[in-house]
Amino acid sequence: MDNNTQSAQTRQVARPSLLGHMKSHIRDYGMLLTLVVIMALFEVLTDGTLMRPVNLTNLLLQNSYIIIMALGMLLVIVSGHIDLSVGSVVGFVGAAAAVMMVQWGWSTSVVVPVCLLMGCLIGAAQGYWIAYWQIPSFIVTLAGMLVFRGLTLAVLDGQSIGPFSSSFQLMSNGFIPDIFGVGKPNVTAIVLGLFAAGLIIYLAVRARRRAKRYGIVDEPAPFFVAKNLLIAGAIVYIAYLLATYRGLPNVLIIMAMLISAYTFLTNRTTLGRRIYAIGGNVKAAKLSGINTERLTFFAFVNMGMLAALAGLIFAARLNTATPKAGVSFELDVIAAVFIGGASMSGGVGKIIGAVIGALIMGVMNNGMSILGIGIEWQQVIKGLVLLAAVIFDVVNKSKSR
């Protein structure tokens with residue numbers, strides 16, 4: 001057999017089938033398909049209310065802080081830990097921001113970095129005991145949940161404090177202005193949507209070419225084209241819907257930047273790969289020279305910072321700090337990460353999966369509220385969805401063994 005025939009056969013064997021590719025990526029595509037099905041279901045059940053521009057905008061605003069915290073929680077869970085304190089940190093940081101701005105008269109430009117630093121210090125205080133003293137994260141962050149919930153009540157003295165300045169409210173309630181001056185639709189929103197869609201296609205094509213250059217078996221070409229065209233089309237369509245209302249919310253830009261940054265961190269950096277390594281097998285990672293304590297510490301500092309940012313955005317949206325701010329947020333955030341495909345044992349999970357999981361939770365909350373389903377049944381349904389996601393993870397893992 002000559003070399004040309006052998007290389008041709010090698011290429012033929014390496015070409016993946018559509019069914020085989022879907023089976024090997026069932027965790028990724030399953031959650032995305034679930035999101036699409038849930039959105040289509042509620043779009044029909046609500047007589048088109050779900051995808052109306054005003055409701056779509058509210059959906060993004062209502063779930064922005066959950067998505068932001070899910071990015072940090074993914075790193076914590078991937079590293080083999082959990083953080084139960086994030087909801088209480090949200091409430092405490094919002095209360096601190098209210099005191100600084102409303103009672104002390106500090107400006108937004110001072111309060112925001114101070115609160116983010118406060119979140120980092122909270123994460124560092126908890127991460128220190130978890131990373132360097134090996135105290136279980138469940139215990140440390142459970143204590144943190146109680147401590148910061150109590151401190152929130154103490155700072156606010158059991159009362160709400162507000163309103164905030166207009167500059168602070170722009171974090172959550174502001175929109176990107178139309179630089180073209182058209183008004184409706186917001187042309188700037190459409191242009192940014194087209195740019196984002198084009199960028200996604202460009203990055204996908206570049207990544208595919210790089211994979212082929214290194215001989216990595218990639219997804220079938222027709223599936224690759226169809227998938228990216230559908231994603232790009234969905235982005236442009238959503239941008240157009242938002243443009244017909246008030247345009248792109250400021251918080252959407254913040255989320256897009258964070259999602260891009262954390263996707264790069266987890267996929268393209270040594271730091272990200274090492275975090276996955278300690279979640280997969282902490283002893284093996286330590287023996288290979290990875291500073292597992294430092295990475296665990298970093299994961300909790302990062303979680304504290306994102307929880308503080310979420311607290312600022314939540315307070316800006318309400319235009320007041322309340323004693324009940326952040327209650328049960330940790331449950332929604334953890335559920336979003338697990339629904340998005342993260343493994344309970346650590347080492348598995350993707351940023352885009354956490355975002356999809358948060359969107360699934362958000363769409364369910366929004367859709368059930370529109371339909372008038374009581375809060376008690378909403379909790380039941382969300383609990384069953386979370387249980388189904390965990391069962392799927394366990395079953396899928398047992399089949400792969």
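## A buried glutamate and its setting

Glu293 is buried, because its relative accessible area is 19% and burial is defined as under 20%. The model under discussion is a predicted one. Glu293 belongs to helix H14, which covers residues 292–318. The side chain of Glu293 forms a polar contact with the side chain of Thr292, at 3.4 Å. When neighbours within four places in sequence are left aside, the residues in contact with Glu293 are Ala131, Tyr132, Gln134 and Lys286.

The protein as a whole is built with 17 helices and zero strands. Its radius of gyration is 22 Å, close to the 21 Å given by the globule rule for 401 residues, so the protein is as compact as a globular protein of that length. The C-alpha trace spans about 85 × 60 × 40 Å along the principal axes.

| Property of the protein | Value |
|---|---|
| Buried residues among the 401 residues | 46% |
| Contacts joining residues at least 24 apart, among those between residues at least 6 apart in sequence | 79% |
| Share of the accessible surface belonging to carbon and sulfur atoms | 68% |

The accessible surface comes to about 19,800 Å². As to charge, the protein carries 28 positive and 14 negative side chains. The centres of these two sets lie 9 Å apart.

Conventions. Residues numbered from 1 in each chain as written. Predicted model: local features only at pLDDT ≥ 70, side-chain atom pairs only at ≥ 80, totals over all residues. Heavy atoms only, no water. Helix = DSSP H or I, 4+ residues; strand = E, 2+ residues; numbered from the N terminus. Rg over C-alpha atoms; globule rule 2.2 N^0.38 Å. Buried < 20%, exposed > 50% of the residue type's maximum accessible area, 1.4 Å probe, protein only. Contact = heavy atoms within 4.5 Å. Areas by Shrake-Rupley, 256 points an atom, 1.4 Å probe, with all protein chains shown as cover. Lys, Arg positive; Asp, Glu negative; His and termini not counted. Charge placed at Lys NZ, Arg CZ, Asp CG, Glu CD. Polar contact = N/O pair within 3.5 Å; in protein donor to acceptor, adjacent residues only side chain to side chain.
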